[in-house]
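This report is meant for a reader who has not seen this structure before. Please look over the sequence and the model before reading on.

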Amino acid sequence: MTPHRLIGINTSIGVKEQSEIVKVLDNYSLVPDKIERARSAYKVLCGGECFCLKKTSHGDKKALKVMLLVNYLKNNNFSNVADYIKTNDNKECIKKNHNIYYLTRWIEGRECNFDDFEEVKRAAMLLAQFH
């Protein structure tokens, strides 16, 4: 088990939830400096690096479909997807308390500015490549 140090407190994440996240991160030998909720994921700061921990409670099948989709996209030259970071046991995800977690590098982003026509065009082109 990885030694734990005091991490940044985020009032939107409860103590129990934070404890579970830290236990999940043990599977990657990561000791977080700070954990923040970011929409439906967690932004994990760790030793100067930033990770995205995604939690899903929709069952094994959905998590497997997402992994297969990401692999399909990458194998078909769509590079705008994050790689899954494997656990210490070489697994792509972790099951804990009826949830499935997976970890990727954090990708900085923001919502599209629909008032900027050039930005909308770039977003539409990326979406077209995806499909």
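How many positive and negative side chains does the protein chain have, and how far apart do the centres of the two sets lie? There are 21 positive and 16 negative side chains, and the centres of the two sets lie 6 Å apart.

## The chain as a whole

The model is predicted. The protein chain has three helices and six strands. Read from the N terminus, these elements follow the order α-β-β-β-α-β-β-β-α.

A box of roughly 45 × 30 × 25 Å, taken along the principal axes, is filled by the C-alpha atoms of the protein chain. The protein chain has 131 residues, of which 31% count as buried. Among contacts between residues at least 6 apart in sequence, 52% join residues at least 24 apart.

Strand 6 covers residues 99–105. Six of its seven residues are buried, so the rest of the structure largely encloses this strand. Buried here means under 20% relative accessible area.

Strand 3 (residues 49–56) runs antiparallel to strand 6 and is joined to it by six bridges. Within strand 6, Ile100 stands opposite Thr56. Strand 4 (residues 84–85) is also antiparallel to strand 6, with two bridges between them. Here Ile85 has Leu103 of strand 6 as its bridge partner.

Strand 5 (residues 94–96) pairs with strand 6 in the antiparallel sense through three bridges. Lys96 stands opposite Asn99 in strand 6. Strand 5 and strand 6 form a hairpin with two residues between the strands, and in this hairpin Asn97 takes a positive phi near 50°.

## Helix 1 and what covers it

Helix 1 consists of 12 residues, 15–26. From its first C-alpha to its last it reaches 17 Å, close to the 16 Å expected at 1.5 Å a residue.

Which residues of helix 1 are buried? They are Gln18, Glu20, Ile21, Val22, Val24, Leu25 and Asp26. An α-helix has 3.6 residues a turn, so residues three or four places apart point the same way.

The cover over the buried residues of helix 1 includes strand 1 (34–38) and strand 2 (41–46). Strand 3, strand 5 and strand 6 are also included in that cover.

Conventions
Residues numbered from 1 in each chain as written. Predicted model: local features only at pLDDT ≥ 70, side-chain atom pairs only at ≥ 80, totals over all residues. Heavy atoms only, no water. Buried < 20%, exposed > 50% of the residue type's maximum accessible area, 1.4 Å probe, protein only. Helix = DSSP H or I, 4+ residues; strand = E, 2+ residues; numbered from the N terminus. Pairing = 2+ DSSP bridges. Expected span 1.5 Å × (residues − 1). Contact = heavy atoms within 4.5 Å. Lys, Arg positive; Asp, Glu negative; His and termini not counted. Charge placed at Lys NZ, Arg CZ, Asp CG, Glu CD.
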